[in-house]
Amino acid sequence: MEFKIAVLAGDYIGPEVMAEAIKVLEAVGEKFNHTFHFNEALIGGAAWDEYREHLPKQTLDICENSDAILLGAVGGPVSEQLKPKWLNVSTNALLPLRKRFDLFANLRPAKLFPALASACPLKKEIAERGFDILVVRELTGGIYFGEPRGRDGSGDEERAVDTMVYSRREIKRVAHVAFKAAQVRRKKVTSIDKANVLTSSILWREVVEEVARDYPDVACDSMFVDNATMQLVRDPAQFDVILAGNMFGDIISDEAVGITGSLGMGASASLGEGTFGLYEPSGGSAPDIAGKGIANPLAQILSGGMMLKYSLSMEKESNAIEKAVEKVLNGGKVRTPDIGGSSTTREVGDAIVEAL
Ligand code: IPM
Ligand code: MG
């Protein structure tokens, strides 16, 4: 089969890790007899240099003509945040892209590979028990997109406003994604909210509990977000699927991926109603390590694996990538510094291809 993939490598380590993911996907194509057409397009600071925009129309056109988007990372150094090239770059590039394709369900796996137990920042006993969590984050609603927003007034009366809004429809559709995912995992959904304070969370909890009735085989409970962030470091093994709104999901997915050893391990899939999806590492562009050839490419490679599974219906090809990653990690030798090794980005990519 032939597929068109929009490749948006982006900034800093983005192109470095993307090169390894493409290499791995080409190896998969060869092994399983598929042809991937990779169409590169600019996003973020890289797009700014060329078009004075962070998400140019040319890029959206390429995405529209593809089966899926593989994205690297967007953004610049904190010290340059106020320069036009980097000003609001993430929100200008990523948020409208997610919204444009209605990619409301963001899947972020956080699994502790046994070989990486020593890289886990939690206590040894907790790391040894292991964990395998899937965060399902709502991605196109909530406080990220709610109106009104903005600033008004002046002096001490100047105000800044963000609004957390959720409709029944938005909650329902992402809840279904979480329950369906749980059905083929360990059959448990923990929904995160702040229903002791926020009205949007009260609706969230009501709707999730209604949707739960359609899935009698899946256990469902709700947890306040403050408690959940604490439970995650105390006993991560209790979680299977974590369902959360946009901002709580943003926070808790970094925490969940962080305890797997490194943000450089966090893959993600952002999905809508159809098979089209956007696949990106959940970490950022890491300007501090860019150009050194030491960025961990596994999040990007595993994101490519998720793309095969969710957008291109290639379950066995996707599993082959995961197995190859596991094999390389188990080998114990080829690892980037963030997970306790001294290999380069390219050596890791080569090892995955070899393992495939
Ligand atoms: C993420 C990022 C983005 C988000 C930022 C960069 C806009 O943190 O993908 O988790 O908050 O969604
Ligand atoms: Mg985030």
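## Pockets, domains and a helix pair

Biologist: By class, how many nonpolar, polar and charged residues does the lining of the second largest pocket have?
Modeller: Let's sort that lining by class, starting with its 6 charged residues. Keep in mind that this is a predicted model. Besides the charged ones, the lining has 11 polar residues, and its nonpolar residues number 14.

Biologist: How many Å³ of space lie in the second largest pocket, and which residues are the closest to its centre?
Modeller: The space in this pocket comes to about 640 Å³. A total of 31 residues line it. Go to the centre of the pocket, and the closest of them are Val 74, Ser 90, Leu 94, Gly 283 and Gly 284.

Biologist: Which element gives the most to the lining of the second largest pocket?
Modeller: The elements that supply two or more residues are strand S3 (68–73), helix H4 (89–100) and H9. The top giver puts in 6 residues, and that element is H4.

Biologist: Which domains is the protein divided into?
Modeller: One of them is written in two stretches, 1–104 + 278–356, and it is called domain 1. The other covers 121–259. The second largest pocket draws at least three lining residues from each of these: domain 1 and domain 2.

Biologist: How many Å separate the centres of domain 1 and domain 2?
Modeller: The two domains do touch, with 7 residues of domain 1 in contact with 11 residues of domain 2. For the centres, you go by the C-alpha atoms, and the separation is 25 Å.

Biologist: What about the largest pocket: how much space lies in it, and which residues are the closest to its centre?
Modeller: Here the space is about 890 Å³, and domain 1 and domain 2 each give at least three residues to the lining. By class, that lining divides into 8 charged, 7 polar and 17 nonpolar residues. Of the 32 lining residues, those closest to the centre are Leu 134, Arg 185, Met 306, Lys 309 and Tyr 310.

Biologist: How many cavities of 30 Å³ or more does the count come to, and which residues lie nearest the centre of the largest cavity?
Modeller: The count gives 1 cavity, with about 100 Å³ of space in it. Strand S8 (188–193), helix H7 (199–212) and H9 each put at least two residues into the lining. There are 13 lining residues in total, and nearest the centre you find Met 164, Tyr 166, Gly 245, Asn 246 and Phe 248.

Biologist: At what angle do helix H8 and helix H9 pack, and how far apart are their axes?
Modeller: To describe two packed helices, you give the angle between their axes and the distance between the axes. For H8 (residues 225–234) and H9 (residues 246–258), the angle is about 10 degrees and the axes are 10 Å apart. Angles under 35 degrees count as roughly parallel, so H8 is roughly parallel to H9.

Biologist: Which residues of H8 and H9 make the contact?
Modeller: By class, the contact has 7 nonpolar, 1 polar and 1 charged residues. H9 brings Phe 248, Ile 252, Glu 255 and Ala 256. From H8 come Val 225, Ala 228, Thr 229, Leu 232 and Val 233.

Biologist: Is the peptide bond from Glu 147 to Pro 148 cis or trans, and where is the place of Pro 148?
Modeller: Most peptide bonds are trans. Omega is near 0 degrees for this one, which is cis. As for Pro 148, look in the loop between S5 and strand S6 (150–152).

Biologist: What phi does Asn 33 have?
Modeller: Find Asn 33 in the loop between helix H1 (13–32) and strand S2 (35–40). Most residues other than glycine have a negative phi. Asn 33 is not a glycine, yet its phi is positive, at about 65 degrees.

Conventions: Residues numbered from 1 in each chain as written. Chains lettered and ligands numbered in written order. Predicted model: local features only at pLDDT ≥ 70, side-chain atom pairs only at ≥ 80, totals over all residues. Heavy atoms only, no water. Axes fitted to C-alpha atoms, helices over the stretch in contact; angles between N-to-C directions. Helix = DSSP H or I, 4+ residues; strand = E, 2+ residues; numbered from the N terminus. Parallel < 35°, antiparallel > 145°, perpendicular 65-115°, else oblique. Contact = heavy atoms within 4.5 Å. Nonpolar A, V, L, I, M, F, W, Y, C, P; charged D, E, K, R; others polar. 1 Å grid on protein atoms, 1.4 Å probe; cavity = no way out; pocket = protein on both sides within 12 Å on 5 of 7 lines; lining within 4 Å. Points joined across faces, edges and corners; volume = space filled by probe spheres on them. Domains from an automatic or database assignment.
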